[in-house]
Amino acid sequence: MPYKLFDVDKEIPERKKHTYVKHCSDPEECMPHCNTTTIPGSMSERGCAFAGAKGVITGALKDVVHVVHSPVGCTFYAGGTKRYPTSPNMPDGSKFPIENFNLKYVCGTDLMESDVVFGGMKKLKQSIIEAAQEFPEANAIYAYATCTTGLIGDDMDAVAKELTTELGIDILAFNAPGFAGPSQSKGHHIANHTLFDRLVGTKEPPTTTPYDIGLIGEYNIDGDLWILESYFKEMGIRILSRFTGDACHDELCFMHRAKLNLVRCQRSATYIADLIKEKYDVPYINVDFFSTKYCAENLRTIGKYFGLEEEADKVIADRMAKVTPELEFYKKKLTGKKVYIFSGGPKSWHLAIPLENELGMEVTAVASQFEHEDGYVKMKNRTREGTLIVDDPNSMELEEMITKDKPDLILAGIKEKYMAHKLGVPSIMIHSYENGPYIGFEGFVNLAKDMYSNIYNPVWNMIDFEENPAPEETEIDVESGETPENEAKVSK
Amino acid sequence: MSGVNVMEKERTLIVNPLKTCQPLGAMYAVMGVHHALPMVHGSQGCSTFVRYNFARHFREPAEIAVSSLHEDAAVFGGRKNINAGIKNLALRFKPDLIGAITTCSSEIIGDDVFGFVDTTKKELKTMSEDVKGLDKIEVIPIPTPSFVGNHFTGYDVGVKSLVEALAEPGEPTEKVNIIPGIVNPGDIREIKHIMALMGIEGLILTDTSDPFDSPLRPSVTPTRPYFPKGGTTVDKIRDSANSQGTITLCKYAESSATSLEKKHDVPAIIESPPIGLQNTDQFLRNLKKLTDCDVPESILDERGVLVDLIADNAARYLFDKKVAIYGDPDITTGMARFVGELGMEPTMVCTGANSKTFTPDMEKISKETGTDIDVLFEQDMRSFEVYVNENPVDIMIGPSDGRLLAQDLGIPLIRVGFPVYDRIGYHRHPIVGYNGGMRLMELITNAVLEKYYEPTHWKLQQ
């Protein structure tokens, strides 16, 4: 049977269809059941649609004020989860006056009981007007529905439309209340459509070149986008629009002028690439820049598209020369280490083969909070026989996997990290990273280094008090012949 | 004559809130119950965001379940979700207690959480014929709509719901109930330390100190990560009706304490957190009043060490320094009084909560310290920012959310309160009690030395 029921799930047997054990001979349709609602009473890793819209898609923009139409909690949490650095550079060469504006401020309507009873439209309107006064530097205001405003039925689009005229800047309403859809994925979807409907095609770029691309679904987590940008720059390719890492509002308005769109996060942003292709005939390609091999392959594909093959090769050769010695070291250290990838979605299939082939690790389980079928197809194609593929895992399942299977490392979120530690297994935050960026050639070294430093953290050999410690020579690492002290020196 | 100048928010818009919604406080309260699980009746964001915040502050697992409300519940109600959620938790985890915590969504769709929980408990009783023990699980409805109050009042609702459902009269005990508020493990441990020195057994409602700072010992850990060691047992909460009295360490827990007083004649003392000399002195006097225990030499020695530390250093390094404090209304009050004791001037305080006691307390501190205090009441971090831009201060005290402002202005930030996520160890050290006073005094003074003294100056040699 390709599906597995965890011992801890015997009371909720419907979980069985969400946990698939890969068998190469299985028919294509064998994969985890996905994108369905979480079983009530689970300690799920999932977030809500609002988190998907603001936390993932729009929170990365550098020059936008966000007004969360909610009781205070959603506003507070929208502020607490910001993880995207921005530069002040604007497309026309000017500088946005407030550094890291998106990391610094989040606004809300702080709804009270009376607003719930009488409606929050007036408060929303007043709040948006005040947001414009408070931050005159901002180039747009995005307002977000939440559970409360979705349920009381505030017509946010009407307010946005009215105020766009009145204030003379774009005011957008994102109708992705927390309860919409099974996971944050619904919020990605809604945000894509809102941004496309309201913005794309409404402005023209200051200049264009034949080498303009749109980089879609790259949010600049811990500076990922800047790594990729440096490659493109050296190849002679210009990123015209970013969606949405380190982007400004106007860039979204002229996304239709790109010559080619690259879709980086294919779960959260394929929607807008499809919409742009359909309406403006801009082609797109799915890209994968995690690890040296994928990064090189994809840079070559892009180089070929623009007739810049030599330039691509130059970038690849330059970076490979820099990272190869270090990666060789890490591969030696990481070979045979058993690792789980518990990502939000795509990183589970982005990283599975690279960790195996380039670092010698064994990926024995992958999981995703909100992937859809297309993502699970890729996970299935890119994992080895016997790998566990879990949709929307919960804490008890992770615990069962860890205690039975004892992996050497888990790539997961902050909610899972400390639980894994308590069970004696190191864990790296793969959503927002530890010491990133993790993308591209240099990023892959950073990831390898973080995995190495966590697995080889000396503390894992000292977890228990030893009444009668073994004689010293047994502490020498059998594989490398090095003592833990030497290890620490090598790791710099 | 010094006094306070109350400045209320002049906009409708809230920018960088200094408060969050009620459910977080309720979840925190349930996390302090032994072998208990919070279940949020709302959208997945309602549990995930809170787990994220607890995890980054305490660097510990924070296992919170969710009933996963979706569109269908908006139309048909969330009865199915809460019912299935409680039953799944009961069957899979077999906890001693489940806190069923409502949110904005479940309250707006009109879910009767009390009725639903009653029905579910009856089902658990029937199910217990097959699965032993299900009928013993306490399921406590905790109504915390997010559009009412803030996380401080949510904490009060959480503790109150627990004691109202569980406390039952029996043999009087010599214990003293302590309602700590949303504090750190270090604070609760310091309170227990003081009480142990006085020979008083504390009954902490609820005790998050071990759950939020638990040892990593996989080979012997008797419970699973979602059931950390420690916490107040259900039986102890039942016994809270028989204690000699209740002392709160925060004024926002008033209704929990007075509920025990009204229903079970347990005298309630509603106090500010024992931060600094005078507030800790008051805490000792309150304990003495309830129990008639003497203050032992050992505590007076600890007090003496703090006095020594202040006498040796405060006037020399800290006198006259202007301090702006923001965050939790009660921690802010305690900090303002303490910096006054150090000879500093608490020139501005800012809270996001609408605490009734905040301004009167600041009036007292203003008179006591001879400082005019600008009181930013029910304000937000943006107001704080605008204020300190126009009215420079020497030191900022509050949670990590002030870090970027502190960096922009070059003002040292002393991290206190919740959340602190950009430094480690802050949850382990107390700010309450005489030991907490020493820790704070050291943090503040070292920050002043770092910022306001030339590293090469001869003054730093002696």
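**Exercise 1.** State which domains the domain assignment gives for chain A.

*Solution.* The assignment, an automatic or database one, divides chain A into domain 1 (49-198), domain 2 (212-314) and domain 3 (323-490). The model is predicted: local features need pLDDT of at least 70, side-chain atom pairs count only at pLDDT 80 or more, and totals for chains, interfaces and linings use all residues. Residues are numbered from 1 along each chain as its sequence is written, while chains are lettered from A and ligands numbered from 1 in the order in which they are written.

**Exercise 2.** Describe the side of domain 1 of chain A that touches domain 2 of chain A.

*Solution.* Step 1: contact (C-beta atoms, placed from the backbone, within 7 Å) links 25 residues of domain 1 of chain A with 19 residues of domain 2 of chain A. Step 2: α1 (49-58) and α8 (185-198) of chain A each give two or more residues to this side of domain 1, helices being DSSP runs of H or I with at least four residues and strands runs of E with at least two, numbered from the N terminus. Step 3: α8(A) supplies the largest share, seven residues.

**Exercise 3.** Explain why strand β4 (residues 140-144) of chain A is largely enclosed by the rest of the structure.

*Solution.* Step 1: five of its five residues are buried, so β4(A) is largely enclosed; buried means 20 or more other C-beta atoms within 10 Å of the residue's own, with C-beta atoms placed from the backbone. Step 2: Ala140(A), Tyr142(A) and Tyr144(A) point one way, and Ile141(A) and Ala143(A) the other. Step 3: β4(A) pairs (at least two DSSP bridges) in the parallel sense with strand β2 (residues 64-68) of chain A over five bridges.

Methods. Contact = placed C-beta atoms within 7 Å. Nonpolar A, V, L, I, M, F, W, Y, C, P; charged D, E, K, R; others polar. Buried ≥ 20, exposed ≤ 12 C-beta atoms within 10 Å, placed from the backbone.
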